[in-house]
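The text begins with charged pairs and then turns to the helices and the core.

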Amino acid sequence: MMMKNPRETYLASTVSTASPAQLLVMLCERLCLDLQRASAALGEGNLGEAHAPLLHAQDIVLELHASLRPEAWSGGPALASLYDYLHRELVRANVHKDRAVTDECLGLASTLRDTWREAALSLVAASA
C-alpha cells in the first residue's frame, strides 16, 4: 500500500469537507493562481510554461459554467455570459500567448473570487 503525500491528503480532506460555497471560492482562488502563473511565464518570455496554467484556467471556467444554474436567480444569465466571455478570452490568450489578455482575465477572475468569498462569508455570518 502506497502512502499518500501529506499535502495531497490534506487537500483531499479539505475539498471533501468543504461546503459548496467554499468549493466555489477554492475554484476561483485556483483560477487566479493559474492566471498569475501564466502571466508571469508570459512576462518572462516562457511561452511554453504559460500553456498548462492557461489550459487549467479554461477547465476551471468550464466547470464553473457547467455548475451554474442561471435560472435559479436573476443574476444567473449575466454570470453565464461572463463565464462564456472569460473562457473565450482565455482561449485567445493561450492561442496568441497574450499577456495583456491574460492579465485582463486575471482581473475578472480576481473580482469573481472576491465576490464569491464575500458571499460565502455572508452565508456563514447569516447561519451563525
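R99 and D103 form a salt bridge in which the closest N and O atoms are 3.9 Å apart. Both residues belong to helix α5, where four residues, about one turn of the helix, separate them. As the model is a predicted one, this distance, like the others below, is computed from predicted atoms. R99 is partly exposed, with a relative accessible area of 39%, and D103 is also partly exposed, at 33%.

The count of salt bridges comes to six. Three of them are set out here.

| Salt bridge | Closest N and O atoms | Relative accessible area |
|---|---|---|
| R99 and D103 | 3.9 Å | R99 39%, D103 33% |
| R92 and E89 | 2.6 Å | R92 36%, E89 9% |
| D114 and R117 | 3.8 Å | D114 39%, R117 33% |

R92 and E89 lie three residues apart in helix α4, so about one helical turn separates them. E89 is buried, with a relative accessible area of 9%, because buried means under 20%; R92, at 36%, counts as partly exposed. D114 and R117 are likewise three residues apart, in helix α5. Salt bridges that share partners join E29, R113, D114 and R117 into one network.

Helix α5 has 29 residues, which at 1.5 Å a residue should span 42 Å; the C-alpha atoms at its ends are 41 Å apart, in agreement with that value. At the start of α5, a side-chain oxygen of D98 comes to within 2.9 Å of the backbone nitrogen of A100. The buried residues of α5, which include V101, C105, L112 and R113, pack against α2, α3 and α4.

Helix α2 covers residues 20-43, and its 24 residues should span 34 Å; its end C-alpha atoms are 35 Å apart, which agrees. Among its buried residues are L24, C28, L31, D34 and L35. The elements that cover them include α3 (47-67), α4 (76-96) and α5 (99-127). After α2 comes G45, whose phi is positive, near 80°.

In soluble globular proteins, nonpolar side chains tend to be buried together. Here the largest nonpolar core has 26 residues, of which L31, L35, L54, L64, Y83, L86 and L90 touch the most other members. Helices α2, α3, α4 and α5 each supply at least two residues of this core, and the largest share, eight residues, comes from α2. Leaving aside neighbours within four places in sequence, Y83 is in contact with V61, L64, H65, L68, L112 and W116.

Note on methods
Residues numbered from 1 in each chain as written. Predicted model: local features only at pLDDT ≥ 70, side-chain atom pairs only at ≥ 80, totals over all residues. Heavy atoms only, no water. Expected span 1.5 Å × (residues − 1). Buried < 20%, exposed > 50% of the residue type's maximum accessible area, 1.4 Å probe, protein only. Contact = heavy atoms within 4.5 Å. Core = buried A, V, L, I, M, F, W, Y, C linked by side-chain atoms within 4.5 Å. Polar contact = N/O pair within 3.5 Å; in protein donor to acceptor, adjacent residues only side chain to side chain. Salt bridge = Lys/Arg side-chain N within 4 Å of Asp/Glu carboxyl O.
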